[in-house]
Amino acid sequence: MSKEITSRLQDYSQWYNDLVLKGELADYSAVRGCMVIKPYGFALWENMRDVLDRKFKDTGHVNAYFPLLVPKSLFEAEEKNAEGFAKECAVVTHYRLKTDPEKHGKLMVDPEARLEEELIIRPTSEAIIWNTYKGWIQSYRDLPLLINQWANVMRWEMRTRLFLRTAEFLWQEGHTAHATSEEAVAETVQMLDVYADFVEKYMALPVIKGVKTESERFAGAVDTYCIEALMQDGKALQAGTSHFLGQNFAKAFDVKFSDKNNKLDYVWATSWGVSTRLIGALVMAHSDDDGLILPPKIAPLQVVIVPIYKGDEQRGMIKEVMAPVVKMLKELGISVKYDDSDNSRPGWKFAEYEKKGVPVRIAVGARDLENNVVEVARRDTKEKMSVSMDGIAFYVKTLLDEIQLHMFEKARIYRDEHITKVNTWDEFVNTLETKAGFVSAHWDGTAETEATIKEKTKATIRCIPLNNEQESGKCILTGKPSTQRVLFAQAY
């Protein structure tokens with residue numbers, strides 16, 4: 001175990017922070033509640049973003065960009081949305097600073113530069129986007145309108161944690177307009193499937209697709225669909241959401257279209273998004289006490305080669321032999337680094353790349369060259385293998401695929417072992433206290449019961465799983481009739 005990293009059993013929260021900081025994903029900033037995403041962390045986000053962006057475009061979406069600042073009158077046009085985000089808004093009230101006459105070298109807000117209308121730093125972009133769509137949509141020929149934007153948003157958080165909950169974060173937000181309710185619902189479900197496919201196939205993290213309860217819906221949505229994942233401490237994390245907005249925003253901003261019969265109607269809307277919170281999920285779902293474990297498909301660096309040499313002659317000889325290997329790995333689309341820097345010993349390099357979660361490490365010395373072999377170490381299981389140099393690039397490519405599948409299976413088994421069916425309140429409380437994970441239980445369908453359970457246990461209804469099995473039962477708290485189970489968990 002790395003002495004720099006707190007163990008999961010000792011302090012899971014500190015372990016997470018250690019990994020983010022020591023793995024050089026992010027750092028704290030001078031702005032309270034905000035983070036600096038370091039180059040290694042941003043490279044990880046870029047890889048995730050590039051895959052998602054390709055998936056969005058494959059489903060017919062295009063990218064655009066909308067203003068960071070939203071006039072307060074626009075923001076409050078959709079009442080539920082405004083009310084839902086009001087307590088998290090940062091507000092711009094002035095447009096100028098001036099020199100403070102009483103404090104040399106200091107600045108102050110110019111009281112004469114107060115804005116006629118306050119501007120909200122976007123916590124989400126429905127308001128500014130739907131006000132814009134009003135000018136873009138007149139006819140059914142303008143539909144569907146399928147737009148996504150990559151942006152930053154701000155939600156004023158009092159309790160922050162790197163990647164998981166920060167005042168400013170990066171995300172994408174899709175906002176689409178449709179001619180019919182059916183088409184909008186289909187879009188909502190399609191994008192949920194896009195997220196689930198990405199998280200499972202690229203992040204190697206199994207998810208449960210479901211619908212949020214009314215209490216947990218996005219403010220202003222008719223229905224909120226979600227994917228829920230389970231972290232190693234048994235807590236759930238919402239990994240992505242897709243919202244069917246009905247005609248709420250179209251009515252708030254008077255966005256109408258004439259159909260094929262020249263009849264006017266309000267358009268139907270969706271919005272959907274994932275954020276840099278996914279990096280937090282990646283860290284907590286896969287990593288160990290020695291550092292990050294990153295899935296090969298999105299790791300910033302997939303392979304590192306560390307030569308072990310004595311003197312410049314051996315160093316040059318190993319580099320010459322390994323150069324074609326590096327070239328072939330790159331031709332196979334594998335990101336590789338050849339690290340023959342002489343400012344650190346090989347053992348330090350091994351520990352450093354292990355901490356950063358590089359999936360495959362290759363070590364090679366002069367004696368290895370004589371035997372035509374290299375030592376290959378995989379990060380996920382820490383196995384080390386002596387492998388022939390012949391066909392080594394193709395061996396590594398196959399190994400990366402194997403690691404990706406193994407990471408998913410390990411996470412899936414853990415998730416499945418931590419879905420527990422309970423039928424009584426005592427079983428429910430005992431499971432949360434001793435096992436954690438998802439608890440499958442009956443609920444009477446009321447917001448009051450949902451709130452009481454949350455107050456008593458800190459567990460929330462994470463989702464009503466899609467294609468949920470219908471079965472009669474009794475609510476674990478009230479004993480009232482229920483027709484299906486829902487998934488509860490304590491969550492981030």
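Tutor: Two strands pair if DSSP finds at least two bridges between them, strands being DSSP runs of E of at least two residues and helices runs of H or I of at least four, numbered from the N terminus. This is a predicted model, in which local features need pLDDT of at least 70, side-chain atom pairs count only at pLDDT 80 or more, and totals for chains, interfaces and linings use all residues. Residues are numbered from 1 along each chain as its sequence is written, and side-chain values use heavy atoms, with hydrogens and water left out.

Student: Over how many bridges do β17 and β19 pair, and is the sense parallel or antiparallel?

Tutor: β17 covers residues 303-308 and β19 covers residues 360-365. Val303 stands opposite Val360 in β19. The two strands pair over 6 bridges, and the sense is parallel.

Student: Which strands stand at the edges of the open sheet of 5 strands?

Tutor: The order is β18-β17-β19-β20-β21, with mixed pairing. Two strands each have a single partner, so one side of each is left without a neighbour in the sheet. They are β18 (336-338) and β21 (384-388).

Student: At about what angle to β17 does helix α10 run?

Tutor: Helix α10 (residues 346-355) lies across β17, β18 and β19. Axes are lines fitted to C-alpha atoms, for helices over the stretch in contact (heavy atoms within 4.5 Å), and angles run from 0 to 180 degrees between N-to-C directions. The angle to β17 is about 170°.

Student: What are the helix and strand percentages over residues 30-295?

Tutor: The end C-alpha atoms of this stretch are 31 Å apart. The chain there is 29% helix and 32% strand.
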